[in-house]
Amino acid sequence: MQSEQQYIDLYNNSRRMLFGHSADAMNAVRDRAFDDFSRLGFPTRKVERYKYTDMEALFAPDYGLNINRLDIPVNPYDAFRCDVPNLSTSLYFIVNDAFYSKTQPKSHLPEGVVVGSLNDFAGKHPELIAGYYARIARTDEDAVTALNTMLAQDGLVVYVPKNVVVDRAVQVINILRSDVDLMVNRRVLIIVEDGAEIKLLFCDHAADDRRFLATQVIEAYVGNNAGLDLYCLEETHAKNVRVSNLYIEQQAGSRVNHNIITLHNGVTRNRTDLVMAGEGAECRLNGCVIADKRQHVDNNTLIDHRVPHCTSNQLYKYVLDGEAKAAFAGRVLVRPGAQKTISEMRNQNICATRDAHIYTQPMLEIYADDVKCAHGSTVGQLNDAALFYMRQRGISLKEAKLLLEFAFINEVIDSIQLAPLRDRLHLLVEKRFRGELSKCEGCKLCR
Amino acid sequence: MLTVKDLHAKIGDKEILRGINLTINDGETHAIMGPNGSGKSTLSAVLVGNPLYEVTGGEVVFNGKSLLEMKPEDRAHEGLFLSFQYPVEIPGVSMTNFMRAAINEKRKYEGKEPMGAGDFIKLMREKRKIVELDQKLANRSVNEGFSGGEKKRNEIFQMAMLEPKLSILDETDSGLDVDAMRIVAEGVNKLRTPESSCIVITHYDRLLDMIKPDVVHVLYKGRIVKTAGPELAREIQQRGYDWIKAELGEV
């Protein structure tokens, strides 16, 4: 298959337009990304990190792109009114890849904090962008990152200056909205400077019953003693393809909590690369997946312990029903000299039917001799003894299964620090298991 | 209450129950004793519909309804309760959610509205007292990290919550110290009514000193081979089972 050719042609034909609509800082890396993409091509399933998802097939169809930046006529603040009073967040929208800035709520953000259009910010503050944009998201290593970098025109920037603590969580709702099948290349840059803190919640939705192919590259730079909570919730539909690459770099003493939750989707591939670049940094990466029918979810993580005294924790839990296929591949790399590393990785899965498949591959690669690392993986079915015990008490088989699945996933949900989100997710997960979230009807968090 | 006629059951290829006949009337307590491997636990498992066992013959009528065709949950709704020999731990499911689901499904079966949150908490509090079950245990996951005694007390607590017509206590005394056994037995006695019946499966007469049976059966090789009054339990405790085997011409 020659899926990459149409993107090479597209770039050659629309290079002028891409450059014309974008800030210099974004254009500066575009040609290099194009060269990398042309050289790499889409990874085949022989490439280790892409074993479980056929990228060529995902990118083969011909989708439309909005390179000429046509306005999408929608006011998301009207369409997605939040009726969750406890979830008092600063709320923003991204429609496809464009930050929606026409109407905005009263800002609760402390002075100096920016949540806005990446393209605008790159135009106004090229000096701030230069040291960060496309640095850890290396285009010479991953074809999707290269493709996103060569085609991305906008997205989100979150900038928290030194020692500023943002109390109120920031919620960004990504809406896919189109009357034709559409490809979207969204780009996100998060800079949390030394001593700063922010909690971010990204909710991905597909508002139209169209085929969407959304690539996303998120780069997050977390400074010395800074804190980042990043919650990513996907609730799209069966025709949605999501390929998201998240890169995080942590400096000394920093803390990162990342939760990735797939409640409903079509095909999803999430790559998470985290680099421990400064001593004493800590991270917790948690994920949960609920998939059924023919849904496909592939979470692939790499934690790179480059320096001593860092701690990483991973817990990914999946409940698969129907003919769902899913994968978890996690790799923890402890480099020479990264002594006193503490790392734990767990992946636990329930396959509720014979046709549900999970591929799980936890990997440790250790080149230091004074570390404490553990990894483990389980695949199983619901406990028959527990099911019968519950039925003997009068709980129907269906309800008993639901209670057990819910209990299983709750370990991940309970680790969420943002209390209103945690409570809301308990409810959403229960609805999902009850089959009441069978398709995306917009943001369930928000209406 | 319960009529069992010529009940046969097997697990895998192994036939365990080979023609059980048993009649229990309203308000009666029956003890079932017997040596290890005689089929006591199998009988209780078959009555409550454990899918591991296959019924190969016979019939069971429970309050006028044929029991064997019913799903386990419906048998529970009809008023059948088993206090498990080994109560199952269910991590992540709180006792409160578990009991609320059980109570409300029963109410649904009876065509009633779900119980309100306030009433439910009141009911939990009231029933907890019967077996002196700590509030802390009620807030934890089902049986998770409970001691052996706490698990058995928790079984009787659930029995109190569900108010069954027929309770089967499967070796509820096993693993209990004297005080715990007293609490469990007193709990069971408090729950007795003229309309409810009880089957007590046990090895020892200690429990039967506290929960007085009307009838004692001896189960052996899948059949009830002897039925008598409470004095039989004492006799077994003193003489073992060999004399019964001898009566059967086996020793």
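Reply: B:Ala45 counts as buried because there are 25 C-beta neighbours inside 10 Å. Here buried means 20 or more other C-beta atoms within 10 Å of the residue's own, exposed means 12 or fewer, and partly exposed is in between, with C-beta atoms placed from the backbone. Keep in mind that this is a predicted model: local features need pLDDT of at least 70, side-chain atom pairs count only at pLDDT 80 or more, and totals for chains, interfaces and linings use all residues. As for labels, residues are numbered from 1 along each chain as its sequence is written, while chains are lettered from A and ligands numbered from 1 in the order in which they are written.

B:Ala45 sits in helix α1 of chain B, residues 40–48. Helices and strands are DSSP runs numbered from the N terminus (H or I, at least four residues, for helices; E, at least two, for strands). Leaving out residues up to four places away in sequence, B:Ala45 touches B:Asn50 and B:Tyr53, where contact means C-beta atoms, placed from the backbone, within 7 Å. Further along the chain, B:Phe84 is 39 residues away, and its C-alpha atom is 9.2 Å from that of B:Ala45.

Another spot to check in chain B is B:Asn143, which has a positive phi of about 60° although it is not a glycine. B:Asn143 is in the loop between β8 (141–142) and α6 (148–162) of chain B, and it counts as buried, with 23 C-beta neighbours inside 10 Å.

Now the chain around them. Chain B has 10 helices and 12 strands. Its radius of gyration is 18 Å, close to the 18 Å from the globule rule for 251 residues, so chain B is as compact as a globular protein of that length. That radius is taken over C-alpha atoms, and the rule is 2.2 Å times the number of residues to the power 0.38. The C-alpha trace of chain B spans about 60 × 40 × 35 Å along its principal axes, and 43% of its 251 residues count as buried. Among contacts in chain B with a separation of 6 or more, 70% are between residues 24 or more positions apart. An unreviewed UniProt entry annotates residues 2–246 of chain B as "domain: ABC transporter"; such positions are given in the numbering used here, feature names are shortened, and annotations may be inferred rather than shown by experiment. That stretch is 40% helix and 29% strand, with its end C-alpha atoms 30 Å apart.

Next, the neighbour. Chain B has 21 residues in contact with 17 residues of chain A. On the chain A side, α9 (384–392) and α10 each supply at least two residues, and the largest share, 7 residues, comes from α10(A). By class, that side has 9 nonpolar, 4 polar and 4 charged residues. (Ala, Val, Leu, Ile, Met, Phe, Trp, Tyr, Cys and Pro are nonpolar; Asp, Glu, Lys and Arg are charged; the others, Gly among them, are polar.)

α10(A) also packs within its own chain. The axes of α10 (397–413) and α11 (419–433) of chain A come within 10 Å and cross at roughly 145°; axes are lines fitted to C-alpha atoms, over the stretch in contact for helices, and angles run from 0 to 180 degrees between N-to-C directions. Among the residues that meet there are A:Phe406 and A:Ile409 from α10(A), and A:Leu425 and A:Val429 from α11(A). The contact has 7 nonpolar, 1 polar and 3 charged residues.

Zooming out again, chain A comes to 11 helices and 19 strands, and 53% of its 447 residues are buried. In helix α8 (143–151) of chain A, 9 of its 9 residues are buried, and what covers them includes α1 (3–20) and β6 (182–192) of chain A. A:Lys340, by contrast, is partly exposed, with 16 other C-beta atoms within 10 Å. A:Lys340 lies in the loop between β16 (325–334) and β17 (342–351) of chain A.

Conventions. Two residues are in contact if their C-beta atoms, placed from the backbone, lie within 7 Å.
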